[in-house]
Amino acid sequence: MRINRVSFILFSTFFGLVLAAAAVSAASVPGIPDGCGTRCHKSKVREEFVHGPVGSDDCIACHNPTGLEHPKNRGAFRLPGTGTRLCAVCHESKATKKVVHLPVADGGCLDCHDVHQSPNRMMLKAEGAALCFGCHDKGKFTANHGHSPVTDGSCLSCHDPHESDNRALLRHDKASLCFSCHDKKMAEGVSIHRPVAQGECLSCHSPHGSAWPNIMKGAFPEPFYLPYAQGNFDLCFGCHPKDIAQDRRTDTLTGFRNGDYNLHYLHINKPDKGRSCKTCHDAHAASQPRLIKERIPGFGTWDIPIRYTRTDSGGSCVAGCHKPKSYDRLRQIKNP
Ligand code: HEC
Ligand code: HEC
Ligand code: HEC
Ligand code: HEC
Ligand code: HEC
Ligand code: HEC
Ligand code: HEC
Ligand code: HEC
Ligand code: HEC
């Protein structure tokens, strides 16, 4: 108490001197000196990003005077409320959409923002992903194969920090989120893979990164040719029967057969130079039926063209890989 009194006297003397020297107008509110931020509390306005009312010295917009003289008394100011109530005096609600970030719903505006000032834009308590990692486990966002906007810390390129009408606070839903950065053309063509047409990019890709290349949700090899092994194509066989790569003969498993000779098996299941699905199929969309690509990388700069024609019971393929060949499910064709 004694110490408080002494410091108070020193303080008010100093304050009085400043007032006298400047000889400015009296405070607009009785008992409250003018120039709170410019004269006394300079430390509240020294960072690069200062909150609007703080910068304009409108301290009493939040620190409402109670009628007691300042700095003579404690309790000369009262905040109009805590949490969202304080901000709602001037800002529109951040909790009007279907999905509201839990700290926002809980009124934790000051979990992320400093109320007076900050070295970070928007008076944020931390910059980029560091803000998010204050509450979310960073470990979940550091995969072997990262997605570059995530590894860059641009969480906000996909998420709104406060609220959204889309699940998971996403700025756009489904494929339109991805197409805000990636070329939409990848999903256009004569044949479009069903999950792609439905905008379900996340049935194959993990948005934050993954253990597999191309932020895949399951194994899918990078090379066009590789020795066959079970598990190589787990991604595809999450939805398609894996036996198309394992049964030499079938009447039912696949349409890609000559009589009952399984041509998927023939191309894929080889001990040395088995083909990957992507030798023939584009996982997204293609200009030929059945997701068959127009060309695949060949040698050097030469691309191998593929021309695929369907018939009622089979098809034919003119490819740079081999002489033209045909297949027919009903009557096995002998290719030369
Ligand atoms: C937008 C509302 C708002 C404005 C405007 C504002 N403050 Fe504050 N102030 C707060 C809140 C909320 C606290 C409670 C502590 C905290 O969370 O930082 C606070 C705390 C304080 C404190 C005590 C704790 C500390 O951080 O030192 C001082 C001193 C202070 N403010 C001074 C000022 C001054 C001086 C101004 C004007 C230049 C100002 N404030 C403008 C909201 C505001
Ligand atoms: C007394 C009115 C007032 C109150 C209360 C208030 N603000 Fe502000 N706020 C402003 C003004 C004015 C601006 C500047 C607007 C501009 O520059 O366009 C602003 C700007 C901001 C900005 C953006 C800064 C920028 O760089 O564009 C954020 C973030 C912010 N306020 C957060 C808050 C939070 C969080 C609270 C509650 C703790 C709050 N405000 C309470 C008046 C207020
Ligand atoms: C989880 C962290 C977080 C919480 C909690 C949070 N904000 Fe923000 N806020 C941000 C971020 C990040 C930005 C910058 C957005 C950007 O750059 O697009 C921002 C921007 C703002 C802005 C300026 C731009 C805009 O969107 O209007 C205002 C005003 C604001 N916040 C007010 C609030 C208020 C009021 C609350 C509490 C109801 C709140 N914030 C809670 C992280 C948060
Ligand atoms: C103050 C703590 C806090 C901070 C900071 C924070 N979050 Fe959250 N966030 C939570 C909590 C709590 C939940 C709800 C529980 C959960 O899902 O973990 C949540 C949930 C989420 C969700 C799921 C929302 C839903 O309804 O599906 C997303 C997305 C999210 N946060 C993104 C972010 C991003 C991006 C940032 C950085 C800009 C961030 N968070 C910063 C606390 C925080
Ligand atoms: C490329 C877009 C994108 C970026 C960048 C991104 N996210 Fe997400 N995030 C998503 C999508 C899409 C979902 C929904 C995932 C789902 O439903 O399977 C999600 C979900 C979440 C969730 C809730 C569910 C979960 O997986 O835990 C949190 C929390 C989250 N993100 C935080 C972050 C943080 C933190 C960052 C930055 C380090 C970030 N996100 C960057 C797209 C993104
Ligand atoms: C904010 C921009 C942005 C958004 C949104 C975005 N991406 Fe990306 N993505 C990138 C960038 C940048 C790269 C790396 C450069 C490149 O290869 O184009 C990348 C790379 C990729 C890769 C290749 C990864 C690798 O290992 O090379 C895949 C696959 C991918 N994104 C899928 C998606 C999916 C699916 C979505 C929607 C959930 C999405 N992206 C949303 C910016 C984005
Ligand atoms: C059925 C699984 C599947 C679905 C669904 C899918 N992808 Fe892919 N995606 C792949 C595969 C497989 C690759 C690797 C292709 C390769 O190696 O040639 C890939 C590669 C990518 C790449 C990086 C290489 C490139 O082609 O640029 C991007 C970006 C990408 N996908 C975006 C998307 C987007 C956006 C969607 C939704 C519209 C989507 N994917 C849906 C399987 C899928
Ligand atoms: C999330 C489930 C899912 C995954 C994963 C998946 N597919 Fe599909 N695929 C489908 C559906 C659904 C259809 C449509 C089935 C139908 O028409 O009977 C389809 C159809 C196809 C077709 C026939 C297209 C047409 O135009 O008739 C091919 C070829 C194909 N998928 C290849 C692949 C390849 C290669 C992979 C792995 C990169 C893969 N799929 C992964 C769901 C999936
Ligand atoms: C040598 C080229 C080639 C390779 C390699 C290939 N496919 Fe196919 N695939 C085809 C052709 C051609 C068709 C169309 C068959 C028809 O309808 O006549 C087809 C059809 C399909 C279909 C539609 C249903 C069916 O079986 O008829 C699926 C699903 C499919 N392929 C998945 C895959 C997967 C998964 C891989 C990799 C494990 C793969 N394909 C590898 C050429 C290939």
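**Strand pairs and ligand shells**

Tutor: This is a predicted model. Strand β18 (residues 322–328) pairs with β17 in the antiparallel sense, over five bridges.

Student: Why are β17 and β18 called a pair?

Tutor: Two strands pair if there are at least two bridges between them. β17 and β18 have five bridges, so they count as a pair. In β18, Tyr327 is the bridge partner of Gly315, and a hairpin of two residues joins β17 to β18.

Student: What makes β16 and β17 a pair?

Tutor: The cut-off is at least two bridges, and six bridges join β16 (residues 303–311) to β17 (residues 314–319), so these strands also pair. They run antiparallel. Ser316 in β17 is the bridge partner of Thr309. Here too a hairpin makes the link, through two residues.

Student: Turning to the ligands, how do you know which residues surround ligand 1?

Tutor: A residue is near a molecule if its C-beta atom, placed from the backbone, lies within 6 Å of it. For ligand 1, 19 residues surround the ligand, and the closest are Gly37, His41, Pro53, Cys59 and Cys62. Both α2 (36–40) and α3 supply at least two residues of this shell.

Student: How does the shell around ligand 1 divide by class?

Tutor: The shell has eleven nonpolar, five polar and three charged residues.

Student: Which residues are closest to ligand 2, and what are the classes of its shell?

Tutor: Ligand 2 has 18 residues around it, the closest being Gly52, Ala61, Cys87, Cys90 and Cys109. By class there are 13 nonpolar, four polar and one charged. At least two residues of the shell come from each of α3 (52–55), α4 (83–88) and α6 (109–112).

Student: Which domains supply the shell around ligand 4?

Tutor: Domain 1 (2–123) and domain 2 (132–213) each give at least three residues to the shell around ligand 4. Of the 19 residues there, Leu102, Asp111, Cys132, Cys135 and Cys155 come nearest. The elements that contribute two or more residues are α5 (102–105), α6 and α7 (129–133).

Methods
Residues numbered from 1 in each chain as written. Chains lettered and ligands numbered in written order. Predicted model: local features only at pLDDT ≥ 70, side-chain atom pairs only at ≥ 80, totals over all residues. Helix = DSSP H or I, 4+ residues; strand = E, 2+ residues; numbered from the N terminus. Nonpolar A, V, L, I, M, F, W, Y, C, P; charged D, E, K, R; others polar. Domains from an automatic or database assignment.
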